[in-house]
Amino acid sequence: MAATKILSVDDESHIELLLKQYFRRKIRSGEYEYFFARNGREALAILQDHPDIGIILCDINMPEMDGLTLLAKVNELQNPALKVIMVSAYGDMRNIREAMNNGAFDFATKPIDMDDLDRTIEKAVNQIHFVRESQREHKQLESLMTELTLANEIQQYFLPREFPPFPEDSDKLDLYASMEAAKDVGGDFYDFFRIDDDRIAVVIADVCGKGIPAAMMMGVSRMIIRTKGSQGVSAAECIAASNQMLAAYSVDDMFVTVFYAIYNTKTGLLNYCNAGHLPPHILRANGTIEVLPKRMNLMVGAFDGVEYRENTTQLEQGDTLVMFTDGVTEAMNAAKEEFGNERLDSILVNERGKSCRQIIESVRAGIAGFVEGAEQHDDITILVMRRNE
């Protein structure tokens, strides 16, 4: 541990000899390092050259600049790790009291009781170590927050942000998505990409976990699913191949629930594979809600060599597919009540005929009104797609 640097400011020359003699062992061992000044002006010059000085032993009555003036100058530095111990005659209690009221850490009276001064200095050293450790932790926290902000920006960059995503097919379908992380970075993600002239893929997924590890898993999962899906394989084949790769590299028992679907823009046919994810809801054009059956497929990335099954459903003109993560239905208010499927479906029915963006905004507003400011514990991700014709 580095030496505690102590500055003695006193115009009496014998004070320097007294301190060097009494603290000789701590000085020799490197525990203390002393500096000496005869007045406040000399002290300020030494402080400028040695800003890491932690303790000032300061006489009150000195020529050129007295101790109270020096204390005021030290206060201007706004350094909580710098402690001032005032030294003055016992009868000078008025000035000592003023110094204490103006931020001095402690005081000692002349003639100095060196044992008492030793204890006072040790107390100041403990306070300095506490302050410096707090400052170090604060800097680490600031650095972490900066990294999290950057990670959030990178994560948002990876999520598709341009809408409509397929302007050449805007007469055939409407699509919108959003992700609101519970922390600075999240584990949910959505994606959509074109496979060929007639087919597009849509994905919504939820990584088990939160924070940076989940965000990293999210990025890898999205890349693997997109790469495999772009090859035009079926939904089940895409998820099986993605599971094979993720299971080989997954750490800390992390896995991903995924709903992956291939939509034919000409026919409205939806070929999908649900790997442990919440089943999407279909808002039919007539205002009824249909919940897709949940296939008993395992999540992705947990086990190697898993077989996945797929299913199909038909979207008719005006039908809307609503995909979401459990941060939607499991959002809780202060009474620990969950938002649930009923409230979600009620909003969907009321928004029948609205754009996909309006539906998402209404769902998010409904969740916000329900939780009434309660802490968000999970990412809220929604992807909505409607067949226009």
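**Tour: aromatic pairs and a helix contact**

The count of aromatic pairs comes to 11 in this predicted model. To see one of them, select Tyr32 and Tyr34, whose rings form an edge-to-face pair. The ring centres are 6.4 Å apart, and the planes stand at 75 degrees to each other. That angle counts as edge-to-face because the cut-off for the class is over 60 degrees.

Keep both residues selected and colour by accessibility. Tyr32 has a relative accessibility of 3% and is therefore buried. Tyr34, with a relative accessible area of 12%, is buried as well, because the limit for that label is under 20%.

Now extend the selection to Tyr22, Phe23 and Phe36. Together with Tyr32 and Tyr34, these residues make up one aromatic cluster.

Next, move to the helices. Select residues 40-49, which are helix 3, and residues 67-76, which are helix 4. Their axes lie 9 Å apart, and the helices pack at an angle of about 25 degrees. Helix 3 is therefore roughly parallel to helix 4, as angles under 35 degrees fall in that class. The crossing of helix 3 with helix 4 is right-handed.

Finally, show side chains at the contact. From helix 3, pick Gly40, Ala43, Leu44 and Leu47.

Key: Residues numbered from 1 in each chain as written. Predicted model: local features only at pLDDT ≥ 70, side-chain atom pairs only at ≥ 80, totals over all residues. Heavy atoms only, no water. Phe/Tyr/Trp six-rings, centres within 6.5 Å; stacked < 30°, edge-to-face > 60°. Buried < 20%, exposed > 50% of the residue type's maximum accessible area, 1.4 Å probe, protein only. Axes fitted to C-alpha atoms, helices over the stretch in contact; angles between N-to-C directions. Helix = DSSP H or I, 4+ residues; strand = E, 2+ residues; numbered from the N terminus. Parallel < 35°, antiparallel > 145°, perpendicular 65-115°, else oblique. Left-handed = near helix turned anticlockwise from the far one by under 90°. Contact = heavy atoms within 4.5 Å.
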